[in-house]
Amino acid sequence: MSERLSDYHGKRDFGRTREPRGRQSATGAAPRFVVQIHDARTMHFDFRLQVGEVLKSWSVPKGPSDVPKDKRLAVPTEDHPLEYEDFEGVIPAGEYGGGTVIVWDRGSYEPLSHDRQGRPVDFAESLEHGHATFRLHGTKLRGQYALTRFREDNWLLVKTAEGRARGHGTPDPRRARSVRTGRTLAQVAAEEN
Ligand code: MN
């Protein structure tokens, strides 16, 4: 198994969790993003952007907002396999990340990162430098967002431009429904336990 997911593999026992191990390779298609709601020790959203062969991941306690200028704390977590965009289910109690996961939103995104002169720069490189901009084409999230590192390894996720007439803020994670299956966290937990 390649090194690209060594942190991810190190944290999990695949005899116990049904999360994907990760075998899929990137296609030439537009890169993907996914936002999952994860009812773990603390409720949070997981925001993931495909960069090459992995999903770069951040834990966003309050979830992404579609209201421009709302700043949302985003804390990096380990790279996840590309198949994780489909993962919805229950991670067993006692395992890493134990709790219920739903796919809240997903789609493709358009990298928009550029340098101070306005020239496009490599997206992975812009993340390494701590500031990346992109346009999300999801079912719920649409429009231009930025991820900016502000202190050590804390980032802010902000909608930078209007993509729709008005934003709705962030939904209540307990009432939110999966974009994949229409289920709430409670329904997934009841059906899969
Ligand atoms: Mn999580």
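These legends describe close-up views of a predicted model.

**View 1. The manganese site.** Three residues coordinate the manganese ion: His-38 through ND1, His-44 through NE2 and Asp-46 through OD. The distances run from 2.2 to 2.3 Å. Along the sequence, these donor residues follow the spacing H-x5-H-x1-D. Both histidines, His-38 and His-44, are buried.

View 2. An unreviewed UniProt entry places the feature "domain: DNA ligase D 3'-phosphoesterase" at residues 36-149. Over this stretch the chain is 55% strand and 5% helix. The C-alpha atoms at its ends lie 21 Å apart.

**View 3. Lys-69 in its loop.** Lys-69 sits in the loop between strand 3 (54-60) and strand 4 (71-81). Its phi is near 85 degrees, a positive value in a residue other than glycine. Lys-69 counts as exposed because its relative accessibility is 63%, and the cut-off for exposed is over 50%.

**View 4. Glu-152 in its loop.** The loop between strand 8 (142-151) and strand 9 (154-159) holds Glu-152. Phi of Glu-152 is near 40 degrees, again positive in a residue that is not glycine. With a relative accessible area of 76%, Glu-152 is exposed.

Terms used:
Residues are numbered from 1 along each chain as its sequence is written. This is a predicted model: local features need pLDDT of at least 70, side-chain atom pairs count only at pLDDT 80 or more; totals for chains, interfaces and linings use all residues. Side-chain values use heavy atoms; hydrogens and water are left out. Donors are N, O and S atoms within 2.8 Å of the metal (3.2 Å for Na, K and Ca); water is not among the atoms, so sites may look incomplete. Buried means under 20% relative accessible area, exposed over 50%, partly exposed in between (1.4 Å probe, protein chains only). UniProt positions are given in the numbering used here, feature names are shortened, and annotations may be inferred rather than shown by experiment. Helices (H or I, at least four residues) and strands (E, at least two) are DSSP runs, numbered from the N terminus.
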